[in-house]
Amino acid sequence: MKIREKLRHYWPHIGMRTFKTALSVMIGLYLSHLLRLDAPVFVAIAAIAAMQPSYSETYSQIRLRVLTGVIGVVMGYLSSLITQDPLIRPLVAGLGIMITTYILLRLKLKRMVRLTLIIFMASYYAKSNKLLYGVNRVLGTLLGLFISLAINFLVASPDIESNLNESLDATYEDLMDMTQSILLLQDPPALTKLEKEINEVHHYYDLLVQEVKQPLFRDQSIRHIEDLLAAYEQVFFYLRLSNFMREDYPSLSLNNRRLIEELFYTTIIYPGNMDGGKNIVYNHYIHNLLLGLKKIQVLQRGGKNHV
């Protein structure tokens with residue numbers, strides 16, 4: 001283990017995203033040579049910029065890069081046609097920058113302004129034929145973008161479905177354990193870990209929603225996951241309330257005891273005073289908590305595998 005740790009120190013780990021980026025650039029450069037594109041660097045830049053951890057993120061980047069690349073090239077080409085006077089060209093460039101920026105802001109693409117302006121200036125001051133430069137730039141960008149998309153789809157794309165299923169299972173186990181700690185062991189659990197797990201489930205779910213919207217992905221229903229997430233949120237809410245009130249009102253109603261026995265396959269033998277208005281409120285929270293757990297239990301069993 002010590003030798004391995006030393007090797008890691010001197011030889012940093014190369015992630016899959018880095019490998020896919022390098023592969024995309026390599027393939028792009030070969031294709032640029034075969035297609036005789038004048039500026040293969042555009043292919044490389046597009047491939048590097050578009051490569052993201054997941055397929056959906058790469059696809060989103062492609063739409064942005066295509067749009068902003070075309071805007072930059074077209075605006076640069078059209079502006080270059082206005083004049084060749086070296087004293088007026090800087091003024092035209094400034095006006096072109098303002099117009100291009102305005103267009104992007106109207107399209108709500110503020111974060112793409114800098115890159116688009118760089119493309120605009122490169123197109124505006126291109127020494128070769130402006131139209132030929134623009135065509136090469138757009139073709140090279142498109143080639144690089146679609147290579148990145150293909151590589152991200154074919155080579156070790158993150159298995160979001162598996163990550164989501166594992167996260168759901170872990171969250172379910174902790175929900176059950178923490179409920180037992182509160183109700184049966186009288187041991188208040190720390191809910192921070194559970195909150196992080198629920199947030200992680202939401203993260204993977206949001207990624208999956210984006211994935212299933214993209215081309216080439218099979219149609220699938222994620223309504224089951226939506227119901228499960230809603231149930232998790234409800235149970236966590238009542239779990240937190242019950243944990244807060246537990247020390248003052250530990251008595252459980254007979255109905256809640258029966259629900260606990262059904263859920264956890266155990267028999268409750270400790271006594272408790274069922275009277276009092278505050279105790280009714282506590283048992284109301286516990287009842288909703290237990291019903292939520294039963295719903296989750298049904299959804300968990302019915303959704304194997306969840307996605």
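These questions and answers look at a predicted model and its helix H5.

User: What kind of model is this, and how are residues numbered?
Analyst: It is predicted: local features need pLDDT of at least 70, side-chain atom pairs count only at pLDDT 80 or more, and totals for chains, interfaces and linings use all residues. Residues are numbered from 1 along each chain as its sequence is written, and side-chain values use heavy atoms, without hydrogens and water.

User: How many helices and strands does the protein chain have?
Analyst: The protein chain has 12 helices and 0 strands. Helices (H or I, at least four residues) and strands (E, at least two) are DSSP runs, numbered from the N terminus.

User: How do you know that the span of H5 agrees with its number of residues?
Analyst: The expected span is 1.5 Å times one less than the number of residues. For the 18 residues of H5 (residues 89-106) that gives 26 Å, and the end C-alpha atoms are 26 Å apart, so the two agree.

User: Which residues of H5 are buried?
Analyst: Arg 89, Val 92, Ala 93, Gly 96, Thr 100 and Leu 104 are. They cover an arc of only 105° around the axis, so they lie on the same side of H5. The arc is that of the directions from the helix axis to the C-beta atoms. On the other side, Leu 91, Met 98, Tyr 102 and Arg 106 are exposed.

User: Why is Ile 99 called partly exposed?
Analyst: Buried means under 20% relative accessible area, exposed over 50%, and partly exposed in between (1.4 Å probe, protein chains only). Ile 99 has 44% relative accessibility, so it counts as partly exposed. Ile 99 is in helix H5.
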